[in-house]
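User: Please take a close look at one part of this model. Then show me how the rest of the chain is built around that theme.

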Amino acid sequence: MRILSGDDVRTAVPVAAAVAAVADAFAQIATGRAEVPLRISLGQPAHDSHTFFMPALLAGGSESRTALGMKVVSVFPHNAAHNQLPTIHALVALFDPATGQALAVLDGRLLTALRTGAASGAATQALARADARILVIIGAGGQAPFQVLSVCAVRPIEKILIVNRSHDRAEKLHDRLILEGVQAEIVVAASVQTALAEADVVCCATSSSTPVFADRDIRPGTHINGVGSFTPRMAEVPAETIGRARVFVDQHAAAWSEAGDLIDARAVGALREEQTTELGAVIAGLAPGRQGPHEITFFKSVGNAVQDLAVGQLAYDQALHLGLGLDVTW
């Protein structure tokens, strides 16, 4: 069995390859080639934390990757302040779909950030206007760089506007993106309103329990990715915006069970479940994506184990080829 660190995963899987792998995984959901039970969530109110157990099977096909495994991820929002530890800890276990043999254990923290960014990249590729040039990233945490890198991999982004409550963290993201080699102009925005006045694509990657912008600030033709909220009590996008957008999800059952943005919109009559479309159906050519340049599109993802397995299996395959990781025997 091979053990892969976060650095191994990053070396093995370029962002563009992660976007392609996640797009294929979403298509497998839509075409019935993936099995993804609803994830099990264990909450610890004493820590305001959640730990998720997420199994999945990708059956693959002639040009699609097969994978079997499970991700375990813990979100402890007060870790930084109380324990001097990261907010998220995770691992992904991969098994041979033909034999059940354990293949690999991967550090899931980097993988989580990479595959979540890749989901926004896949959605932006499928739904954003082809001429999208300006990206707004709301949130400057660990997920933010991968949101930016993934969108830049699929659209010719010329300007990136960073919105964050902490100016220092926004500046750190600015510097990180430069180190990552991003060629676009990078600006720390004065306000969310001024940033959205220019936006073609918006990525929301916060842990907010209330919307992070006002509906009136979203321009016609904008594409929005919402990846930060992952429980019914969290929401980043206003119900009014959702009500006037075409809404796409990673998986119907998971999104309507866990996405506070959608649940809140349904509660006020702004959205019905049958009005949402799985992104994989668009990628697979089974459903239309954007239908006009002035349409607002919204992709809501709560995270799906097929993303982890698709990117994890790719990382494992490439690690074997590149000689990355540590081999252990039982």
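Analyst: Buried means under 20% relative accessible area, exposed means over 50%, and partly exposed lies in between, with a 1.4 Å probe and protein chains only as cover. The part is helix α10, residues 260-267. Helices (H or I, at least four residues) and strands (E, at least two) are DSSP runs, numbered from the N terminus. This is a predicted model, in which local features need pLDDT of at least 70 and side-chain atom pairs count only at pLDDT 80 or more, while totals for chains, interfaces and linings use all residues. Residues are numbered from 1 along each chain as its sequence is written, and side-chain values use heavy atoms, with hydrogens and water left out.

The buried residues of α10 are Gly 260, Asp 261, Leu 262, Ile 263 and Ala 265. Their cover includes two helices, α8 (239-243) and α9 (252-258). It also includes two strands, β13 (246-249) and β15 (297-300). Contact here means heavy atoms within 4.5 Å. Just after α10 comes Gly 269, with a positive phi of about 80°.

The structure holds two aromatic pairs. Rings of Phe, Tyr and Trp (its six-membered ring) pair if their centres lie within 6.5 Å; planes under 30 degrees apart count as stacked, over 60 as edge-to-face and the rest as tilted. Phe 26 and Phe 299 are edge-to-face, because their planes stand at 65°, with ring centres 6.2 Å apart. This pair links distant parts of the chain: Phe 26 lies in helix α2 (residues 15-30), Phe 299 in strand β15, 273 residues apart. Both Phe 26 and Phe 299 are buried.

Phe 52 and Phe 230 have ring centres 5.8 Å apart and planes at 85°, so this pair is edge-to-face. It too links distant parts of the chain. Phe 52 sits in strand β4 (residues 49-58), and Phe 230 in the loop between β12 (223-226) and α8, 178 residues apart. Phe 52 is buried at 5% relative accessible area. Phe 230 counts as buried at 18%.

Ser 120 belongs to helix α4 (residues 108-127). Its relative accessible area is 0%, so Ser 120 is buried. Beyond four places in sequence, Ser 120 contacts Gln 147, Asn 225 and Val 227. Ile 186 lies in strand β10 (residues 185-188). Ile 186 counts as buried because its relative accessibility is 12%. With neighbours within four places set aside, Ile 186 touches Ile 160, Ile 162, His 174, Leu 177 and Ile 178. Ile 186 and Ile 296 are 110 residues apart in sequence and 24 Å apart in space, C-alpha to C-alpha.

Now the whole chain. It has 12 helices and 16 strands. The radius of gyration is 19 Å, close to the 20 Å of the globule rule for 330 residues, so the chain is as compact as a globular protein of that length. That radius is taken over C-alpha atoms, and the rule is 2.2 Å times the number of residues to the power 0.38. Along the principal axes, the C-alpha atoms fill a box of roughly 60 × 45 × 40 Å. Buried residues make up 56% of the 330 residues. Of the contacts with a separation of 6 or more, 71% join residues 24 or more positions apart.
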